[in-house]
Amino acid sequence: MPKQKKDSIDSRHHAESSEPLNFNAEKAQSFLREQASLSTEQNTDASWVRLFRSFSKVCEGTSRTHIAFLGTALLAKSLDININVFSVKAREGSPGAYSTRSLGHGVLVPLSTELGINLGVTGREPLNNQPYFQIDRVSRNITVHAKAKPAVEMLCDILDKLAVIDSLDEMRQALRSYIFVRRGYVPHYPERTKPLSSISPDEIISIIEHFVSEDTEGGKRAQAVVAGLLDLFAGTERVVTDRINDPDRHLPGDVGVKSHDQGWEKIFEVRDKPVKESDAYIFAEKALKEGICEAAIIAVAKNQPKIDFEKIRLRAKERGLGLSFFTEWHSFIKQVLFWSELPQLHSPEILVDLIYTRLIQLEVSQEGVQSWIDATGSQE
């Protein structure tokens, strides 16, 4: 295929300029919908498909935020062949620099659900996660966890390939290949179709203990359970939680309960891995910094070492923080069921639905959601 002359459907600046490139959101959305509609196997490139599948596999075990960044870079260069695919922020200043957040959060992320494109992460602002919120451009030297280095290396290899493409047709084929691959990662969660039978408080405690212990999924199951329990206690409109490993810029813990004036009434740190004394002090410090008066640590790891929780609690009290500790599910669930406005005998049935919703929000695996359904007897 002859290479197309360099051009752009949406550029506001030329490649030789050091001014950042900008994109018209409406035109970019229309373009993305068009490319998604064309994203069939016949309109993809087998080599790109293989590469993106390999990249997806590497990212699954480390940081899936890289998948969202790559999708944004592909979209950007498919709109304007002159963009710098290594750019993260427009202030980076090189020719072709642009804001990945503006294009990613303004176009790709909002349309990903509609178009059935799995970006690896489901938040509204994935490029505010590590490492992208603190860097201006991608390179092999960016600071990441050792386990994430292979993903960064492979990302840079892909960006090197994209950087030398000077044909919009070739770029758009790569974009369609990415969409084709990532559509295969859209989870299809099982739904409950059978009405719930009666579940006693003791039964729901036993179900939760087994469900969390059979596979932690990196803490996702435990966090979803706590969020669901707090939904029962405070109502879904007051309970806030972020996905695992999201930065604590909006929530100084894993799960929070908003007060009626929209401040934080209570926050919870959820750990199904051992909590050290230093972890407890760090969490208490974050809570105090945010002016929070009530906080709790749910430390439910089977191998949780004995630490002096009372000493930590008293020290927090001296500084104006009520800090509670729960080292097993039984006592925490019993307290929630007691303080909920709903009768204890009926609460477990409602709790099953609340936890199911949080499992999906926190991206628990399809197998995990099915396990919850099976355990609660809610599917035919």
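Let's start in the loop between α7 and α8 (220-234), where you'll find Glu 217. In this predicted model, Glu 217 has a positive phi of about 50°, although it is not a glycine. Why point that out? Most residues other than glycine have a negative phi. Glu 217 also counts as buried, because its relative accessibility is 15% and the cut-off for buried is under 20%.

There's another residue like this further along the chain. Glu 363 sits in the loop between α12 and α13 (366-376), and its phi is near 65°, again a positive value in a residue other than glycine. With a relative accessibility of 13%, Glu 363 counts as buried.

While we're on backbone details, look at Gln 130 and Pro 131. A cis peptide bond joins them, with omega at about -5°. Most peptide bonds are trans, so this one deserves a glance. You'll find Pro 131 in the loop between α4 (100-115) and α5.

Now zoom out. The protein has 13 helices and five strands, and its C-alpha trace spans about 70 × 50 × 40 Å along the principal axes. Of its 380 residues, 51% are buried.

Next, the helices. Two packed helices are described by the angle between their axes and the distance between the axes. Take α7 (residues 201-214) and α12 (residues 347-361): their axes come within 10 Å and cross at roughly 20°. An angle under 35 degrees counts as roughly parallel, so that is the label for α7 and α12. The crossing of α7 past α12 is right-handed. On the α7 side, the contact is made by Pro 201, Ile 204, Ile 208 and Phe 211, while α12 brings Pro 348, Leu 351, Val 352, Ile 355 and Leu 359. Sort the residues of this contact by type and you get nine nonpolar, no polar and no charged.

Compare that with α2 (residues 46-60) and α5 (residues 149-163), whose axes come within 9 Å and cross at roughly 155°. Angles over 145 degrees count as roughly antiparallel, so α2 and α5 get that description. Here the crossing is left-handed. The residues that meet include Trp 48, Phe 52 and Phe 55 in α2, and Met 154, Leu 155 and Lys 161 in α5.

What about the strands? They form an open sheet of five, in the order β1-β2-β3-β4-β5, with mixed pairing. Strands of a sheet pair through backbone hydrogen bonds, either parallel or antiparallel. Which strands sit at the edges? Those are β1 (239-241) and β5 (322-326), each pairing on one side only. On average, neighbouring strands of this sheet are turned by 20° against each other, ignoring direction.

Zoom in on one pair: β1 and β2 (residues 255-258) run antiparallel, over three bridges. Val 240 stands opposite Gly 256 in β2. In the loop between these two strands lies Leu 251, which counts as buried because its relative accessibility is 0%. Leaving aside neighbours within four places in sequence, Leu 251 is in contact with Val 240, Thr 241, Asp 242, Gly 256 and Trp 264.

Terms used:
Residues numbered from 1 in each chain as written. Predicted model: local features only at pLDDT ≥ 70, side-chain atom pairs only at ≥ 80, totals over all residues. Heavy atoms only, no water. Axes fitted to C-alpha atoms, helices over the stretch in contact; angles between N-to-C directions. Helix = DSSP H or I, 4+ residues; strand = E, 2+ residues; numbered from the N terminus. Parallel < 35°, antiparallel > 145°, perpendicular 65-115°, else oblique. Left-handed = near helix turned anticlockwise from the far one by under 90°. Contact = heavy atoms within 4.5 Å. Pairing = 2+ DSSP bridges. Nonpolar A, V, L, I, M, F, W, Y, C, P; charged D, E, K, R; others polar. Buried < 20%, exposed > 50% of the residue type's maximum accessible area, 1.4 Å probe, protein only.
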